[in-house]
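Open the model in your viewer and keep the selection panel at hand. We will go stop by stop.

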Amino acid sequence: MSNWRFCLLLATLVVAFWLAGRLVTNEYVFFTGYAVLQYILLATAWNLLGGYAGYINFGSAAFFALGAYVSVALNKLVELPVPVLILAGGVSSGTLGLVMGYLTLKLRGVFFSIATLALAIVFQAVITNWEFVGGSSGAYVIRPANGPWGGPYVEYLFYVMLILACAAVALARGIERSAIGYGLAAIRDDEVAAEISGVPTLKLKVLATVLSGTLMGMAGAPLPFYVAYLDPPSAFNLSYAVNTIAMPLVGGTRTWIGPVIGAILLDGVQEAAMVTISSASNLLLVGLLMVAFITLAPNGIVGLVQSARRRK
Amino acid sequence: MSSLAITGLSAAYGKVRVISGLSMEVRSGETVALLGTNGNGKSTVMRCIMGLLTPVAGSIVATIDGTSHELAGRTTEEIVSLGIALVPEGRRLFPRLTVEENLTLGAARRLARKVLPRNMEFCYEAFPRLKERRGQLAGSMSGGEQQMLALGRALMTEPRILLIDEPSVGLAPLLVKRTIEKIKELKDERQLTVLMAEQNFHQALTIADRGYVIVHGEIVFAGNSADELNDNELIQRFYMGL
Amino acid sequence: MVDPLAVLNAVVAGVMLGGFYAAVALGIAIAFGMLDVPNLSHPAFVVAGAFATWQLNSRLGLDPVVAGVLLTPVFYGLGVVVYRLYHVCFERRGETALQGLAFFFGLLFITEVALVMIAGADYRSVVAPYIGSSREILGVTVPNRMLVPFVVSIVMIATLHQFLLRTFTGRAIQAVAQDQTALRLMGIGPTRIKAFAFGVATATASIAGALLIIIEPVEPSVGRDFIGRAFAAVVLGGMGSFWGMLFASIILGITESLVSDMWNPSWAPAIAFGFLLPTLAFRSSGLLGRRL
């Protein structure tokens, strides 16, 4: 399928959702839908670097929370529409990705990963000490009652997130099939060989980190309006970091569809399980699923389906 | 009474075939040279014998003190404990351990551990330089000293069959001569059976009883004596520049 | 004007703290620095050690240090199992270390959540005669709950250091980090050596856990705070060098202690990163050389 037709398909999907949304009166549907879409966005963003280039970012929470807190800060200064805040969040987290990338991507991937893990902890310390955005006691954000085109505000946020998620998936699919994607795959398979055969490895890795960070920041920007109250422990919650990694790994990291499947599946499982079991056992389930997939099915659900098809 | 017989050996790295249908033997007490220039498969033969690379086909039978063992399919650790040792190409010492620590690690198998003090003494006598430098880090020594240490470390495993891969590589001409002579000396003293891979034909033939010439993973010429190899027209033309 | 006595106080407290950090970093220095296994879950194992110590202390009244030492065989076994799994699933397949990283991250997470489910998310603490008392060093009052962990940690590091230097197995562990093929040519199986060494590295977690719970009450998620610190200490110390790691831990402890006392304790977790990032970016061989 060409990129144009794929984008058209996604656009149709958005319109279909929008039409269907007119019929929905229960706000809970939008709340749940927003959470799924947010995870599709985060998982797709993570996969740009983690899946395509094989560089594991443990600091998703930092990029995500930075986007959210830039929103909080700007919102305190001037009233801005959400799309502008999303842009601001994306730019900030993208810049963070650029700095991190340049400083640590020259080394082996392990060091980059450890640095990102530490990054999340530092950012939490920074935000906890930043009184302007509420510091450790957190910040309240007044969520407008209605969206710009009427309807509950959360419905508006849902559509914003829907468009973001679709754009991210289209971007990931485009990259996967472009020279950039092949370059990243070469890095993943054998970085030394890629370097020797003239792939600009550092440039590509930094590019992937910046794009990935930008999308994560964009995912975080609407969060304050979604939750209405944001404090460091919830913005930097380990479950974001774990889910963001677990979803692509469970779905399959080699293709754009993997993170989407993983996000829908894992978020679905967690939503469903939330009713019956505690949130701790819920998280344990995600952790176990993730470890099970890495050890037993390294190519995720997509990989399982592909090998089942080949056997037929 | 220890010997080595290779028949129909084929080996590959992934899909790239490096050796095909190679047969050769090293009889008890002999020094055999495996001659060939870089990239013709000498090291691969060594790696197959030591179990570092699993052969695609063929058999490698080692007879140690009268008992025969099929080596293909065994792990390196098992092969070493039978009494076969390799001085690898590039020496592969433990650079951040001292000379003495490197030697000690050679004596891991039970048989070797029992005679560790005696073997250590032997190494220090054979290579007085090593004794002087016993507390120095292996990585900080010169190429010649490192080759001595690599030889000594292999002897510490108490081998019956000694494989030596490119002992002359990276050494000055005078040192090459001395190293090769030393190998002969050690072989006689320890009653070893030796297979030596070399690209330096001249030097190798000064101590070898027999030799094989390997080209593109196949034996192209088997010389039953050093003279036969020296006189071979092909070798003279291509390898010795005569 | 800064009060010199306050500075001295902070420095001494920092040295004690750094000594304890070294106990946590020790397992990572072995696993990551020497064996090249990026065991991110080590700090979570330390917290698990703290909880196990708490159980032995509150149920049987065992001294926490004794409890930590008694637990080492259990943690050794755990380490061997984890390494074997890692080896079969990633190392042997030649999978990049990156898949393995995600594996250890998963283990970290599972351990933490499992602890919450078993023991609850509350803070736990131990009882021992020396907790609460203190003694005078260099005119500075040092609480024994800091001094005891410091001493135990130094003893543990020195013992393992001697083990690595003096014994055959210890040398083989050093050798496995330098050239695995060469080790096989000596007739020593690298996997066996690595499994043993990884077991030992994990066994240090039970002692480090006991020290942690002597210093302060522990809840399941505190392990994460130590990941940055421990890896920073190992990288700064030059990967696998024990004394380098100890030195780096103490520098880290002193800096944190000074910042906490003079400025604000909530910045403390960020300091390790402040050290780690420039080291990775500009001096990846660490502050010191590499020799153990």
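How many residues lie between S1(B) and S2(B) in their hairpin? Select the two strands and look at the turn. There are 2 residues between them. One residue of the turn is Gly14(B), with a positive phi of about 60°. Keep in mind throughout that this is a predicted model.

**Stop 1: the hairpin strands**

Stay with S1(B) and S2(B). They pair in the antiparallel sense over 7 bridges. Now show Leu9(B). Its bridge partner in S2(B) is Leu22(B).

**Stop 2: the other side of S1**

Select strand S1 (residues 3-13) and strand S4 (residues 57-64) of chain B. This pair is also antiparallel, with 6 bridges. Pick Ser3(B). Opposite this serine, in S4(B), stands Thr63(B).

**Stop 3: the whole sheet**

You now have 4 strands of chain B in the order S2-S1-S4-S5. The sheet is open, and the pairing is antiparallel. In general, strands of a sheet pair through backbone hydrogen bonds. Which strands stand at the edges? Strand S2 (16-26) and strand S5 (67-70) of chain B do. Each has a single partner strand, so one side of each is left without a neighbour in the sheet. Turn the view to follow the twist, which averages 20° from one strand to the next.

Next, select helix H1 (residues 42-49) of chain B. H1 packs on the sheet and touches S1, S2 and S4 of chain B. The direction of H1 makes about 70° with that of S2(B).

**Stop 4: all of chain B**

Zoom out to chain B. Chain B has 11 helices and 10 strands. The radius of gyration of chain B is 17 Å, close to the 18 Å that the globule rule gives for 242 residues, so the chain is as compact as a globular protein of that length. Its C-alpha trace spans about 45 × 40 × 35 Å along the principal axes. Of the 242 residues, 48% count as buried. Take the contacts in chain B with a separation of 6 or more: residues 24 or more positions apart account for 68% of them.

**Stop 5: two domains**

Colour chain B by domain. Domain 1 covers 2-83 + 159-238, and domain 2 covers 94-152. Their centres, taken over C-alpha atoms, are 23 Å apart. How many residues does each domain give to the contact? Domain 1 of chain B gives 8, and domain 2 of chain B gives 6.

Look at the domain 1 side. The elements that give two or more residues there are H2 and helix H8 (173-190) of chain B. The largest share, 3 residues, comes from H8(B). By class, this side has 5 nonpolar residues, 3 polar and no charged.

**Stop 6: the neighbouring chains**

Now show chain C next to chain B. Here 20 residues of chain B are in contact with 17 residues of chain C. On the chain B side, select helix H2 (76-82) and helix H3 (99-106), the elements that give two or more residues. The chain B side has 10 nonpolar, 5 polar and 5 charged residues.

Finally, bring in chain A. No contact joins chain A and chain B. Their closest C-alpha atoms lie 15 Å apart. Among the 2 pairs of chains that touch, chains A and C have the most contacts.

Technical notes: Residues numbered from 1 in each chain as written. Chains lettered and ligands numbered in written order. Predicted model: local features only at pLDDT ≥ 70, side-chain atom pairs only at ≥ 80, totals over all residues. Contact = placed C-beta atoms within 7 Å. Nonpolar A, V, L, I, M, F, W, Y, C, P; charged D, E, K, R; others polar. Rg over C-alpha atoms; globule rule 2.2 N^0.38 Å. Buried ≥ 20, exposed ≤ 12 C-beta atoms within 10 Å, placed from the backbone. Domains from an automatic or database assignment. Pairing = 2+ DSSP bridges. Axes fitted to C-alpha atoms, helices over the stretch in contact; angles between N-to-C directions.
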